[in-house]
Amino acid sequence: QLIDLMAGTIDVKSSKNVGTVITFNLCFGKGTLKDLPKADDGAIDSKVLNGKNILLVEDNDMNRLFAKTLLIQYGAKVDEAVNGLIAIEKLDQGYSYDIILMDMQMPKMGGIEATTHIRQHIDSNIPIIALTANAFKQEEERCLNAGMNDFIAKPFDENKFIRLVAEWLGKEILKPEEPTVVAENAVKLYDLGKLNSISNGDQLFIKKMLELFVDSIPTTMTEMKAALDGGDLQMVADSAHRIKPTLQNLGVNSIESEIKMLESVVVLGLDPVQLRKYFLKVEDVLHSVVADLARVMDKL
């Protein structure tokens, strides 16, 4: 699938008891110095978003809290909507925003449909940034074709996220970046270092994020198991896609490959036995993570 997305070709030759040879060809244009990524040489000023009104459209509670906390730390005022319909209602009611952050996949109305409506019937100029878990060229083209100005992949990197918002608001970076302190990962199941870094150690924020995780994950796993038992592979894929950013934010990395396989089950056509193995691994790890985080919450 990755090779197809890059307009390449792939060939497989296999002989029983001999082996398999997989060959692929990709054609890339020659780059220039201008194509190199710019060095991230400074952090933005802590008040760079002061007075800016931002509409955050995101259905995932943890993703929404995560993004809102970041934006508020830099001075922004954040209004929330859990799907595109509510976002459109707010705009129709006269709410004024400087920028909209729009999730791509939401119930009732997703980001593409909502953006198309906003561009055609409400506001053709307000910056709209897509929030997506799929950082593919094809996804970027879908965003831009719908009228979005830019996109950022989840889970969010703090500097990249705030810089992108600031750039579209015409704000400049003023404050030199301080050395980043990386928290030591003392627990292999997960890593709260990212939450600590983003919240500057705000225990109320961390506790709220953990509560959302502990409350939502068991329900999601129950839904995924029912979908798996019933042969609803699309539901399995949707559930895996929905929790992937949450797991990345909490540093639950040991099941990253299994989550990706479950997320791609419809495309890959996995063997049912192998598919269940992936699910059982995810279920086992998340059961341990939830139990351990419940104990951590008691100490916060």
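Predicted model: local features only at pLDDT ≥ 70, side-chain atom pairs only at ≥ 80, totals over all residues.

Colleague: Okay, which residues in α4 are buried?

Modeller: Gly111, Ala114, Thr115, Ile118 and Arg119 are buried in α4. Those residues cover an arc of only 130° around the axis, which puts them on the same side of α4. The arc is that of the directions from the helix axis to the C-beta atoms. Buried means under 20% relative accessible area, exposed over 50%, and partly exposed in between, with a 1.4 Å probe and protein chains only. Helices are DSSP runs (H or I, at least four residues) and strands are too (E, at least two), numbered from the N terminus.

Colleague: And what's exposed on the other side of α4?

Modeller: Gln120 and His121 are. As for the buried side, what covers it includes α3 (84-92), β5 (99-103), β6 (128-132) and α5 (137-146).

Colleague: What does Ile122 touch?

Modeller: Ile122 sits in α4, residues 111-122. Leaving out residues up to four places away in sequence, Ile122 touches Ile88, Leu91, Asp92 and His117, where contact means heavy atoms within 4.5 Å. Leu91 is 31 residues from Ile122 in sequence, yet their C-alphas are 7.4 Å apart. Ile122 counts as partly exposed because its relative accessibility is 29%.

Colleague: Is Cys27 buried or exposed, at 72% relative accessibility?

Modeller: Cys27 counts as exposed because of that 72%. Cys143 has 0% relative accessibility, so Cys143 counts as buried.

Colleague: Last one: how do α9 and α10 cross?

Modeller: The axes of α9 (residues 233-249) and α10 (residues 256-263) come within 7 Å and cross at roughly 145°. Axes are lines fitted to C-alpha atoms, for helices over the stretch in contact, and angles run from 0 to 180 degrees between N-to-C directions.

Colleague: Which residues of α10 are buried?

Modeller: Glu258, Ile259, Leu262 and Glu263 are buried in α10. They fall within an arc of 135° seen down the axis, so they line one face of α10. Their cover includes α8 (203-229), α9, α11 (265-268) and α12 (272-299).

Definitions and conventions:
Residues numbered from 1 in each chain as written. Heavy atoms only, no water.
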